[in-house]
Amino acid sequence: MDEIATYPVGLRLTGRRVVVVGGGHVAQRRVPQLLAAGADVHVVSPDVTPAIEGLVGAGEATWHRRGFEESDLEDTWYTLAVTDVTEVNERVSAEAERRRVFCVRADDATDATAWTPAVGRAAGLTVAVLGNREPRLSASVRDEILVGLREGTLGRHQRAHTAGVTLVGGGPGDPDLISVAGRKALMEADVVVADRLAPRELLGQLPTDVELVDVAKLPRGRSAQQEEINRVIVERALEGKRVVRFKGGDNFVFGRGYEEVLACREAGVPVTVIPGLTSPVAVPAVAGIPVTHRGVAHEFTVISGHLPPGHPESLTNWDAVSTLRGTLVLMMAVENAPVIADVLVAGGRGAETPVAVLCDGTMPGERTVLATLGTLQAELVAHAVLPPAIIVVGDVVAVAHPERFA
């Protein structure tokens, strides 16, 4: 393929008229990008996709519901000919040339006066790649650059150093399930204060100059005190470092994350939060169990089971929980699961209610133990279930495993 010389430039389109001729799937991809740039977008086409019609209905774009007319390019700064009719695209291109308006053509780039690059944004940068009419190559190179920027592996030491604390929810354990923003914050950190259930493989990817502080909390075993964790993250931030408090799941779902937010605020330390996929929803989903299902469960309730029913410090109204008809998701409840099951049955939940115990969710050793409320204690013993595990109670388990709960 012959090399065609181009001159890359960033167009500032805010408030400027841009005409898109055609309302099909190419237009559907281009219009949102133009809107994001602030352009005054006019779509000229007898028909448009539902997505474009939705943008028009929301007042974000203007739709001229007809064929192209030369006068459509009056006062236009930029135009795109993206119909599936060559003759129409040629008319648009010719009129744009006459008016000295740069024109993109979806059907024949060689006759266009402008090309659309593969564009992406990350870390305050706009990346645009032109691959000499090889769109897949352009997109591939763009994506590799964006991954590096988003994950913090590219340009890490060239970015502004802002001290403070970022709470990162790492998701249920599989390193691929952390958010893009969370991974980027990790790779840009000076100090990572990590829990046991945070995606452990990601710690091995940290740059060698990152300080790693282990604050693991073992069930009924060694456990870092929350006050000490608060002290460490505040102290390191006050030293001018970027601190990531790295947790499994989500920071605010039984993660004590807001205690850390309050500690930072009291010390005058900037603090931000990057949410994570919360385990009581994500782990059942990965295991093939929906926490809600039409006609089966209209609500789900997430409960910490680290304290048994009747414990003086428990804040859960187990009598009320027993009357619920939807899904119950029990966290940190392996030890207290038998007494919880007894209370639920005594409160009116059937002993035959399906139960799934999801062990090591999303991790290589993931397994599902099926039971009922009546058999839960025996199944936990038979399968030697240990934490971490998530217990799902309700008919959604039968939806996922009809062969077991016929």
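Trainee: Which residue in S17 is the bridge partner of Val355?
Mentor: This is a predicted model, where local features need pLDDT of at least 70, side-chain atom pairs count only at pLDDT 80 or more, and totals for chains, interfaces and linings use all residues. Residues are numbered from 1 along each chain as its sequence is written, and side-chain values use heavy atoms, leaving out hydrogens and water. Strands (E, at least two residues) and helices (H or I, at least four) are DSSP runs numbered from the N terminus. In S17, Val355 finds its bridge partner in Val393.

Trainee: In which sense do S15 and S17 run?
Mentor: Two strands pair if DSSP finds at least two bridges between them. Strand S15 (residues 354-359) is joined to S17 by 5 bridges. The two run antiparallel.

Trainee: Which residue in S3 is the bridge partner of His42?
Mentor: S2 (residues 40-44) and S3 run parallel, joined by 3 bridges. The partner of His42 in S3 is Thr62.

Trainee: Which helix joins S4 and S5 in a right-handed β-α-β unit?
Mentor: S4 (residues 78-81) and S5 (residues 102-105) pair in the parallel sense over 4 bridges, with Leu80 partnered by Val104 in S5. A crossover is right-handed if, with the strands pointing away from the viewer, the path from the first strand over the helix to the second runs clockwise. The helix of this unit is H3 (residues 86-99).

Trainee: What is the phi of Arg100?
Mentor: Arg100 lies in the loop between H3 and S5. Most residues other than glycine have a negative phi. Arg100 is not a glycine, yet its phi is positive, at about 60°.

Trainee: Are H1 and H2 roughly parallel or roughly antiparallel to each other?
Mentor: The axes of H1 (residues 25-36) and H2 (residues 50-57) come within 9 Å and cross at roughly 30°. Angles under 35 degrees count as roughly parallel, over 145 as roughly antiparallel, 65 to 115 as roughly perpendicular and the rest as oblique. H1 and H2 are therefore roughly parallel.

Trainee: How many residues of the contact of H1 with H2 are nonpolar?
Mentor: Contact means heavy atoms within 4.5 Å. Ala27, Gln28, Val31, Pro32 and Leu35 in H1 meet Ala51, Ile52 and Leu55 in H2. Of these, 1 is polar, none is charged, and the nonpolar ones number 7. Nonpolar covers Ala, Val, Leu, Ile, Met, Phe, Trp, Tyr, Cys and Pro; charged covers Asp, Glu, Lys and Arg; the others, Gly among them, are polar, and the nonpolar count here is 7.

Trainee: Is the crossing of H6 and H7 left-handed or right-handed?
Mentor: H6 (residues 226-238) and H7 (residues 257-267) pack at about 45°, with their axes 10 Å apart. They are therefore oblique to each other. A crossing is left-handed if the near helix is turned anticlockwise from the far one by less than a right angle, and right-handed if clockwise. H6 passes H7 in a crossing that is right-handed.

Methods: Axes fitted to C-alpha atoms, helices over the stretch in contact; angles between N-to-C directions.
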